Amino acid sequence: MTLPSLHKHELLQREYGQSTFQLVQQLRDIEDRAERTRRAQQIVQLIFRLQPSLRDQPDGQQKVWNHLFEMADGELDVDSPFPLAAPANQTKPARVAYPSKGPKLRAYGRAVEQLIEQAIALEDPTEREQATIVIGRTMKFLYRSHNKENAKDVTILKHLKELSAGKLALDPAQVDAQNLFEFTTSPGGRPAPFIVPQPRQERENRRGSSGGNNNRRDKQRRGGKKGRQEPQQPPQ
C-alpha cells in the first residue's frame, strides 16, 4: 500500500469509524457476488444511519459508495448504483510565500518600515515632517516596549535616519525642546488618545449655556420655596 493510500485510509477510518472500515475490508473475502453486494448495501445503510447529514448532500450516495471502494483498496466487485471510482486526488495547495528577510531593527518591525516608505513618498514637506514626527513617536514607544527601557531621542533619530536611508530627518534640538517624541500617558500606563482642543469661543458658549441652565434651576428652586405654605397647626 502506498503512502497516499495509507493516508486516505486513516482519514476514512476517522470519518466512518474503525468497525465500519473492518466491515468493508471483510467484503473482499466473500466469494458470492450477490452476497457481497447485499453486505455492501447494508454497510451503506449503516453509514447513513450513523451520519444522517450525508442524506442531505446531493451526491451523498455516490460519495459513500466511492468511499467503500476506496476502503476496499479498489477491489470491490459489487452491483452498485454508481460507477465505482476512487476519489480524485486533491491538488497540493500552493506554498504560502514567507518573507525571506526580517526587519532591519527587530524592535520596530516591518510595519514601521512600511510607514517610513509611505512618508518618504509624500511630496508636501509639511506633511512629510508631521509624518516623521508621528513615526519617531511610535518608534520610541515600540523601543520602550521591546527593550523595557527608555530610549533617548538621539537614538530614535539615528534609527530613523538608518531605516529611511537619510531621507527622513528632524532637528534634534527641536525634538528635545518640544518633546515631539513623547506620548501623553493615561493612568494605566498606555498612550492616551490625542484630544483636539476646542476653540475658545465654543468653550465660552458651552459655559454660558450650562450657566443659564443652572440659573434657571436656582430660580425654580427659590420660587418653589416662596410659594410653599407652612403646615397649619391643629386647634388647641
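Start by selecting Val134, which counts as partly exposed at 47% relative accessibility. Val134 is found in helix α6. The model on screen is a predicted one.

**Whole chain**

Zoom out and colour by secondary structure. The protein chain has nine helices and zero strands. Read from the N terminus, the order of elements is α-α-α-α-α-α-α-α-α. Switch to a surface view next. The accessible surface of the chain comes to about 17,900 Å², and carbon and sulfur atoms hold 50% of that. How many of the 236 residues count as buried, as a percentage? The share is 26%. If contacts are drawn for pairs with a separation of 6 or more, 49% of them join residues 24 or more positions apart.

**Helix α6 against helix α7**

Return to the cartoon and select residues 125–147, helix α6, together with residues 153–163, helix α7. Two packed helices are described by the angle between their axes and by the distance between those axes. Here the angle is about 115° and the axes are 10 Å apart. The crossing of α6 past α7 is right-handed.

Show side chains at this contact. Which residues of α6 meet α7? On the α6 side they are Thr132, Ile135, Gly136, Met139, Lys140 and Tyr143. On the α7 side, select Asp153, Ile156, His159, Leu160 and Leu163. Coloured by class, the residues of this contact divide into six nonpolar, three polar and two charged.

Stay on α6 and pick Thr138, which is placed in that helix. Is Thr138 buried, partly exposed or exposed? Thr138 has a relative accessibility of 26%, so it counts as partly exposed. Draw a distance from Thr138 to Val112: the two residues are 26 apart along the chain, and their C-alpha atoms are separated by 8.2 Å.

**Glu113 in helix α5**

Move to residues 109–120, helix α5, and select Glu113 within it. Glu113 counts as buried because its relative accessibility is 11%, the limit for that class being under 20%. Show its side chain with that of Arg110; a polar contact of 2.7 Å joins the two. Beyond neighbours within four places in sequence, Glu113 is in contact with Pro103, Lys104, Leu105 and Leu163.

**Leu68 in helix α4**

Next go to helix α4, residues 60–71, and select Leu68. Its relative accessibility is 0%, so Leu68 counts as buried. What does Leu68 touch, not counting residues up to four places away in sequence? The list to highlight is Val24, Ala40, Ile43, Val44, Ile47 and Leu76. For a C-alpha distance, pick Leu68 and Ala85, which are 17 residues apart in sequence and 9.6 Å apart in space.

**Two loop residues with positive phi**

The last stops concern backbone torsions. Most residues other than glycine have a negative phi. Select Ala165, where phi is positive at about 55° although the residue is not a glycine. Ala165 is in the loop between α7 and α8, the latter covering 172–178. With a relative accessible area of 64%, Ala165 is exposed, since that class begins over 50%.

Follow the chain onward to Asn179. Where does Asn179 lie? The residue is in the loop between α8 and α9, and α9 spans 200–227. Phi of Asn179 is near 50°, again a positive value in a residue other than glycine. Asn179 has a relative accessibility of 47% and therefore counts as partly exposed.

How values were computed. Residues are numbered from 1 along each chain as its sequence is written. This is a predicted model: local features need pLDDT of at least 70, side-chain atom pairs count only at pLDDT 80 or more; totals for chains, interfaces and linings use all residues. Side-chain values use heavy atoms; hydrogens and water are left out. Helices (H or I, at least four residues) and strands (E, at least two) are DSSP runs, numbered from the N terminus. Buried means under 20% relative accessible area, exposed over 50%, partly exposed in between (1.4 Å probe, protein chains only). Contact means heavy atoms within 4.5 Å. Accessible areas come from the Shrake-Rupley method with a 1.4 Å probe; for residues, only the protein chains shown count as cover. A polar contact is a pair of N or O atoms within 3.5 Å; within protein, one must be able to donate a hydrogen and the other to accept it, and residues adjacent in sequence count only if both atoms are side-chain atoms. Axes are lines fitted to C-alpha atoms, for helices over the stretch in contact, and angles run from 0 to 180 degrees between N-to-C directions. A crossing is left-handed if the near helix is turned anticlockwise from the far one by less than a right angle, and right-handed if clockwise. Ala, Val, Leu, Ile, Met, Phe, Trp, Tyr, Cys and Pro count as nonpolar, Asp, Glu, Lys and Arg as charged, and the others, Gly among them, as polar.
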